[in-house]
Amino acid sequence: MGNGDAGIELNVNAAGSIFNMTGNYIGFNKAMRALSPGSLSSESGAIRIINGQTVNISNNYIGTLNGGRANCGNAQMGIGIEGTTVTGITINNNTIAYNGRNAIQTYGNGSDKVMISQNCIFCNANEGIELTNGTIGTPTAGIGNNSYGRSFATVDGVKNTVQLSTGFAAWQCDFSGATWILRGYAPANDVVEIFQIHHCGCDGTNQTTTVSKANGTQGLDYVATVTADAQGRWTYSLPQNTVKNGFTVTSTNTAAKRTSEFSPCVSVTTTCLPPTSVIISGSTSITPCVADPITLSGTATLVRTSCYNNIYYTWLKNGLVIYGPSLTYLDYSVVSAADPADDGLYTLRVEDGNAGTATCYLAASPGTTVDVINCGMKISLLTFRGTPFQEYNQLNWVVEADEPQTVELQSSTDGKSFSTISSSYSLSSVNEEVKDYTRNPITYYRLKITSAEGDESFSKIIVLNKNSNLNINVINTKAEDYLELQIISNSDQMIHYIIYDTRGIVMLESSLQVNAGVTNSSIFVGNLNSAIYLIKFSPSNYNDIETKKFMH
């Protein structure tokens, strides 16, 4: 203690060497006066790492003693990491306090693989953890710890209310009577360590709106460890007797041995400026018809654009998440058919994932009420199928309607240019069948439906291929009640099948409709006796016959 230079300096890189620095009291030391390699003025007061293989720094008192109650601060950094270690540095279970600069800093070119865990860090003059690269004071883009981003933490409550006053006044987050949840974002699958600060900044100043270098965010008491999921989200339920204190987190990639800086501290009793104003475009109440598509679009306006780097979007229905949080904004859509189950209050929430300057990092739009109603049948295409035969193609469709409509059957040889080959007019629902006499090996078909008001719609395109390419797989060759099939076809077609026993007696005969692509189907065989059976498949053009064996 009380050395004119750094208390401990390591500059040895012998192959396979392991250095354990444990159980030391390191205080009252000054910084190195000489220049360290790479022309970096050393500012490491207690421990200075220039070079090494494997370094473990644990269970030391750095800048303090007597359980952290005595001020024995070193003049500069608590731990300064200026160079490269081969397998990494682990800094854990130390008490680091009252030092004249940052508690832990990496500032050498190549200072990588630094894992920092469960330390007690408080009342250092600057930051708890500072990750830079290059000359002190002018950090440049680096790798590893030098570019490892901050974690993001907010405090949320099950019953919390977040209200935005007129204009851009401060938010008030009211968590009274709620269950408190600390939540945030980190790199996917990272280990997140949660620390309690008791106040934001050891001099008692609140640093939830500005993270300054003086009395920067540090972690006094280790609370818990959680793991971020594959989307980087994590949560931790706070004990209610601690909720009025400040919290901060770090995130660590344990495989790469890289730990982030501390996040800005958050508290359940804080106010802050809103990062965004959020709205859902259009009316605050919509009443779509059953079977109509629904799309809700939202917009967010940043108040202070220089502060936010990662904006997360979340759609909620009746307060429950239905999309997100995601860095990608998407309109919320019911693209097929709305039904009364879609009734509810929809809101868009936007939050800042960088957490560089503020807490409460979220804003929610006013709600839009969706009330799906029954507007009548209109026109609906229920089925559209086709089957290829050698001399012709057979097309069938069913239209359900409560108004007049014209249905045109259109064909194409290239799937791009279509022409009408038949047309029919009906006052209501219709079930039609048309034979297209063609020997073309491949033909594309679609329906054009025109309502009495002139509204046009088109069906999906189906492809009929006379050169059938059929692959039939029996999934369960030992069947109980159902024989499960997977059928791969290059065309929509009807497949005929016959089931017979080993004596050739036909037990069951029927047909299956398959679509181009993969069709999963099942045949009921529960009434058959226990025996071995054969099933013969014949496609509609009768060019190929395939036989499979199964047991019941």
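The legends below describe several views of a predicted protein model.

**View 1. Whole chain of the predicted model.** The protein has 552 residues, of which 47% count as buried. Its secondary structure consists of 51 strands and zero helices. Among contacts with a separation of 6 or more, 70% are between residues 24 or more positions apart.

**View 2. Confidence along the chain.** The average pLDDT of the protein is 74, and 72% of the residues score at least 70. Among the elements, the highest mean pLDDT, 92, belongs to strand S39 (residues 405–412), and the lowest, 26, to strand S18 (residues 161–163). The pLDDT is below 50 over residues 32–42, a stretch with 28 contacts in the model beyond near neighbours in sequence. Residues 199–215 also have a pLDDT below 50, and this stretch has 42 contacts beyond near neighbours in sequence.

**View 3. Strand S24 and its pairing with S21.** Strand S24 spans residues 247–253 and is mostly covered, with six of its seven residues buried. Strand S21 (residues 191–196) runs antiparallel to S24, and six bridges join the two. Within this view, Gln196 has Phe247 of S24 as its bridge partner. In a regular strand, side chains alternate between the two faces of the sheet.

**View 4. The S24–S25 hairpin.** Strand S25 covers residues 258–259 and is joined to S24 by two bridges, with the strands running antiparallel. Thr252 stands opposite Thr259, which lies in S25. The two strands form a hairpin with four residues between them. In the turn, Lys257 has a positive phi of about 55°.

**View 5. Ala341 in the loop between S33 and S34.** Ala341 is located in the loop that links strand S33 (332–334) with strand S34 (344–352). Is this residue buried or exposed? Ala341 counts as exposed because its relative accessibility is 54%, and the cut-off for exposed is over 50%. The C-alpha atoms of Ala341 and Val372 are 8.2 Å apart in space, while the two residues are 31 residues apart in sequence.

Methods: Residues numbered from 1 in each chain as written. Predicted model: local features only at pLDDT ≥ 70, side-chain atom pairs only at ≥ 80, totals over all residues. Heavy atoms only, no water. pLDDT = per-residue confidence, 0-100. Contact = heavy atoms within 4.5 Å. Buried < 20%, exposed > 50% of the residue type's maximum accessible area, 1.4 Å probe, protein only. Pairing = 2+ DSSP bridges.
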